[in-house]
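Here are my notes on this model, as numbered points. Please read them with the structure open.

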Amino acid sequence: MRQLVQNRKSGAVELVEVPSPACGPREVLVRTVASALSAGTERHMLKLGRQSVLRTALERPDLVARVVTKFQREGLAATVRAVRDKTQQTVALGYASCGLVVEVGPEVEGLRPGDLVACAGQDYASHAELVAMPRTLVARVPAGVPAEQAAFTTLGAIALEGVRLSRVTLGETATVIGLGLLGQITVQLLLAAGCRVIAIDLDPSRVELARLAGAAVALTNGQLPEADPAAVTGTGYGADAVLICADSSSNAPVELAAQLAREKGRIVAVGLIKTDLPRHEFFLKELEFVVSRSTGPGRYDPSFEEEGRDYPYPYVRWTQTRNLEAFLDLLARGRIRLDHLVSHRFEFADAAAAYDLLLSQTPHLGIVFHYPETAAPPVRRLVLQEAPAPRPGVLSIGFLGAGSFARTVLLPALAAQPDLRLAALASAGPVRAREVAAKFGFATVATAAEDVFREANLDAVFIATPHSTHAALVCQALAGGLHVFVEKPLCVREDELEEIAVAQERSGRLLLAGFNRRFSAFARAARDLLLTRSAPLRFHYRVNAGPLPTGHWLERPSEGGRVVGEVCHFIDLVSFLAGALPAKVFATGSATGDLQVHLSLEDGSSAAIDYLTSNRARLSKERLEIYACDLVIEMEDFRSATVHQGSQRRALESGHQDKGHRAEVAAFLDAVRRGGPAPIEFSSLARTTWATFAALRSLRTGEPCAFST
């Protein structure tokens, strides 16, 4: 299928061929009939994609701070890889469309193939011939509403949420600043709510459109009286609410809103504007100011959008889904008109030309893309290049996932290995999947794991998908006779661990989880030094993990959390260095905050793992101290190690951070070629995973948890 993207390297907008998206259990697959171009947001994205890294740094000092922190923790090479990866990604364009449902996921209710639906959301309702949509981001289009108008439903919901946040009531006066498409829709919504509307814009033609829609007063900025701008409301008090729908890098819209609002009035920022609030004006009038967050409650909440957990109707009356439905209802009843707001129509094949229009001086309002009425059936697998024929000694590899870790760490480590045939890569996002597969030289790309598993002559598969998917994919791959490398964690539930154990035993194939730290040169050197010890070891492991960004996917309960997803690394490393499996776990603290895990090993060794999430101090991320009688080893962030033995002291240093990723991948591939054994015994993988579950159980019960055979 074809999808519209922006190439961040060149800044160009282009149509590319990508595999069709797969339909997930909580999704519907939609064939797009029409999609709307949001001038303000997409112009902003277009300019952002074409500006230099320096310009971006000047505009986003918060991102610069994150880069500096990464450099201090992980070094120059890792930081450069991450920055390049982020700034050179191909970006899917669009977030508002309408189309026909062609497939319905098994957990979706209320929709069926053939339904016409409006679709919403960045990275979901893209300008593409097919889109996979979460159920909460679609709404059925009522009879009589044309698909072209329904394509603007997302923008309508954005305007509707702004009106709701303004809390206008029947008979109040509301001012709209900025009369682009979003502003014109907002004017109509306020009129439908029984408000007296004042409309203001720089463009006289847009002002005239608002007047024809019913605005009581419609003015250009130049027509505002200098002495008393609030006099334009005709009330003598100013506007009860001001909604800023402008797209501006200037602070003028906010300053004007403060002048037009009445005392104790309300100002809502709906458009992309600068928000340096003029404190004196806000103080004198005691004004309220709120930034509207897109289409309404549920937006940017993964539990709502991706997991389909709706908010209770009595307590959250207007979610983004219900805002979409409400706007469609207004369209169906004729309370909102959009036909006169569409200034340009493009066939999808010519869609790239619309972005030239955005950056030109040509007047425009609503821009819509129309798609071919007939479309080929979905094709989830795309051939990028002819794969070489299988050769002795050359392993054929499949890869699942194209997230940040896969792109910047795992795939570069894999690509550095000799004698490999990179057969197929699959990831849910069609654009990202194609870009990553092409970059690393895979022969085919797909959007579903099944299409990789069906590849002929495949030897092994690497799994770097969300944590909650690991167990099912591991079992499926093993059942298909493939050797498996799965990123940590092995799984996120105890019952899944049992299923994996059965699948691994039946298959006889190699299975390795991504516990990379034991493959570091520092860990190997420490293990060699500890082989001659005569007493149990004592470990103190401080991990300064730091807080996660709000809404980070790892915070979702379904993904196992940070204990299962990250603490597993440190348990495995301690177990490797001691040469003994975990036997008892006692944890204190919080599963979502600071945590201490006390680990007892089968040989009598013990470890205290301090996992800190609230500490923002610029300490190294990981520091491990190992005590073995007169031998003490200190490891600092896998950059250096110091060995103290008696009165002797010597340092082990490296020119770069070595967490063992490349050695881990090499060890796995070598084991596959030799036919085993696995680089880590399955009993060790399973016991480390059990220890993370035991830590969570200990946190719940307040009691230590011992392994029972």
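1. Helices H5 and H6. This is a predicted model. Helix H5 (residues 153-166) packs against helix H6 (residues 181-192) at an angle of about 55 degrees. Their axes are 9 Å apart. The angle makes H5 oblique to H6, and the crossing of the two is right-handed.

2. The contact between H5 and H6. From H5 come Leu155, Gly156, Ile158, Ala159, Leu160 and Val163. From H6 come Leu181, Leu182, Ile185, Thr186, Leu189 and Leu190. By class, the contact of H5 with H6 has ten nonpolar residues, two polar ones and no charged ones.

3. The open sheet. Seven strands line up as E17-E20-E19-E18-E21-E22-E23, with mixed pairing. Strand E17 (381-383) and strand E23 (511-513) are the edges; each pairs on one side only. Neighbouring strands of this sheet are turned by 20 degrees against each other on average, direction ignored.

4. Inside the sheet. E21 and E22 run parallel and are joined by four bridges. Phe462 stands opposite Phe485 in E22.

5. Helices on the sheet. Helix H13 (residues 404-415) lies across strand E18 (395-400), strand E19 (420-426), E21 and E22. H13 runs at about 175 degrees to E18. H20 also packs on the sheet, touching E18, E19, E21, E22 and E23. The direction of H20 makes about 170 degrees with that of E22.

6. Backbone points to check. Most peptide bonds are trans, and most residues other than glycine have a negative phi.

7. Cis peptide bonds. The bond from Lys488 to Pro489 is cis, with omega near -5 degrees. Pro489 sits in the loop between strand E22 (483-486) and helix H17 (494-507). Gly676 and Pro677 are also joined by a cis peptide bond, with omega about -5 degrees. Pro677 is in the loop between helix H20 (661-674) and helix H21 (682-701).

8. Positive phi at Ser294. Ser294 is not a glycine, yet its phi is positive, about 60 degrees. This residue lies in the loop between strand E14 (288-291) and helix H10 (302-305). Is Ser294 buried or exposed? Its relative accessible area is 18%, so Ser294 is buried.

9. Positive phi at Asn457. Phi of Asn457 is near 60 degrees, again a positive value in a residue other than glycine. Asn457 belongs to the loop between helix H15 (449-453) and strand E21 (460-463). Its relative accessibility is 53%, so Asn457 counts as exposed.

Technical notes
Residues numbered from 1 in each chain as written. Predicted model: local features only at pLDDT ≥ 70, side-chain atom pairs only at ≥ 80, totals over all residues. Heavy atoms only, no water. Axes fitted to C-alpha atoms, helices over the stretch in contact; angles between N-to-C directions. Parallel < 35°, antiparallel > 145°, perpendicular 65-115°, else oblique. Left-handed = near helix turned anticlockwise from the far one by under 90°. Contact = heavy atoms within 4.5 Å. Nonpolar A, V, L, I, M, F, W, Y, C, P; charged D, E, K, R; others polar. Buried < 20%, exposed > 50% of the residue type's maximum accessible area, 1.4 Å probe, protein only. Pairing = 2+ DSSP bridges.
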